[in-house]
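Keep the structure open as you read.

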Amino acid sequence: MDVAWFVHQQQLRQKAVAESSAADPFPGRPWMRERGAAAAASPGGNLGVKGIIAGGITGGIEICITYPTEYVKTQLQLDGKAGAGKQYTGIFDCVKKTVNNHGFFGLYRGLSVLLYGSIPKSAVRFGSFETVKNHLVDSDGKLNAQNRLLAGLCAGVCEAILAVTPMETVKVKFINDQRSPNPRFRGFFHGVGIIVKENGFRGVYQGVVPTIMKQGSNQAIRFFVMESLKEWYKGEDNSKHVPKYVVGAFGAVAGAASVYGNTPIDVVKTRMQGLEASKYKSSWDCAVQIWKNEGPRAFYKGTVPRLGRVCLDVAITFMIYDSFMDLFNKFWP
């Protein structure tokens with residue numbers, strides 16, 4: 001009886017070990033379950049790649065819709081206080097004079113520059129945000145307040161360095177060129193060629209510091225507000241679906257918050273990237289000169305057209321982005 005019982009116990013132990021090994025091929029090496037080549041694919045493993053693709057598509061669609069407001073905002077920010085440098089009395093005067101002098105599509109001057117840049121900009125923004133977010137979420141898939149700001153800040157800094165600074169510099173110079181009696185730039189590549197020839201590679205990286213400050217604060221504010229509103233809407237149910245019209249409304253609120261938060265930085269950035277940037281020693285000197293010569297209100301030049309553009313921009317962007325991410329998650333596990 002003792003021998004039979006012992007054999008039976010041995011068989012049970014062997015069976016248990018076999019079942020355990022089948023369920024966990026690395027019982028003595030738990031780190032392999034998480035990081036080894038045989039580790040199961042994480043649901044969020046492709047989030048960065050999905051974010052890059054969805055963000056790129058979103059950026060191209062969005063800029064085609066909202067560019068005229070960006071054009072008007074930039075023209076007003078480049079306008080001097082008074083005298084020969086003053087061309088426009090306000091938003092509608094800017095639109096009227098542009099259409100009269102250059103036709104309706106004059107409002108789209110420089111679009112190619114932003115189109116070439118918006119696709120990689122949006123791709124970098126959302127790809128980096130999803131990547132950072134995926135590393136910061138807690139076990140429930142949520143971000144706390146500090147991590148929302150951090151993820152958004154990282155997204156803004158990445159897009160500023162890799163895409164926004166050269167794109168914005170060339171865009172501002174193109175729009176600024178149109179203000180002169182005899183515009184020199186005949187197209188995107190011709191204009192970039194002249195800029196690089198005259199100013200070197202540095203010519204397309206003017207204003208990098210204020211751009212990093214602008215984009216970092218922009219995305220920190222936007223993603224913080226957006227993620228906070230989504231979390232509020234979902235309540236305790238993190239899997240709850242947020243309708244696209246609600247996403248759009250949340251995006252508009254996030255966009256408005258970012259406008260009021262960093263328009264002064266945007267004005268300095270625009271001046272530092274214009275054709276007359278050489279008259280400023282630095283971004284700080286630019287800010288000081290604006291304050292002395294034009295007063296504190298000059299730091300909010302172009303706020304109304306920027307507010308309209310950004311609210312529409314951010315609302316459309318998040319709606320399109322969420323739609324593509326839903327599509328990708330459905331067919332791309």
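**From patch to pocket to cavity**

Start at Val 49, which is found in helix H3. The model you are looking at is predicted. Val 49 has a relative accessible area of 41%.

Together with Ile 52, Ile 53, Ile 57, Ile 61, Ile 65 and Leu 312, Val 49 makes a nonpolar surface patch. The patch covers about 540 Å². Which helix gives the most to it? The answer is H3, with six residues.

Take the largest pocket. It holds about 940 Å³ of space. Its lining is made of 35 residues. Nearest its centre lie Glu 130, Lys 133, Lys 230, Lys 234 and Asn 329. Find these five in the structure to locate the pocket. Four helices each supply at least two residues of this lining: H3 (47-78), H5 (111-136), H8 (208-234) and H11 (303-331). What classes of residue line the pocket? There are 14 nonpolar, eight polar and 13 charged residues.

Next come the cavities. A cavity differs from a pocket because the probe fits inside but cannot get out. How many cavities of 30 Å³ or more does the structure hold? It holds two.

The largest cavity has a volume of about 220 Å³. It is lined by 21 residues, and the closest to its centre are Lys 121, Arg 125, Lys 214, Arg 309 and Asp 313. H3, H5, H8 and H11 each give at least two residues to this lining, and so does helix H6 (145-178). By class, the lining divides into five nonpolar, six polar and 10 charged residues.

The second largest cavity holds about 30 Å³ of space. Its lining is formed by Arg 125, Phe 126, Gln 219, Arg 222, Phe 223, Val 314, Thr 317 and Phe 318. Which elements give two or more residues here? They are H5, H8 and H11. This lining has four nonpolar, two polar and two charged residues.

Methods:
Residues numbered from 1 in each chain as written. Predicted model: local features only at pLDDT ≥ 70, side-chain atom pairs only at ≥ 80, totals over all residues. Heavy atoms only, no water. 1 Å grid on protein atoms, 1.4 Å probe; cavity = no way out; pocket = protein on both sides within 12 Å on 5 of 7 lines; lining within 4 Å. Points joined across faces, edges and corners; volume = space filled by probe spheres on them. Nonpolar A, V, L, I, M, F, W, Y, C, P; charged D, E, K, R; others polar. Patch = residues over 30% accessible without salt bridge, like charges linked within 9 Å, V, L, I, M, F, W, Y side chains within 5 Å. Areas by Shrake-Rupley, 256 points an atom, 1.4 Å probe, with all protein chains shown as cover. Salt bridge = Lys/Arg side-chain N within 4 Å of Asp/Glu carboxyl O. Buried < 20%, exposed > 50% of the residue type's maximum accessible area, 1.4 Å probe, protein only.
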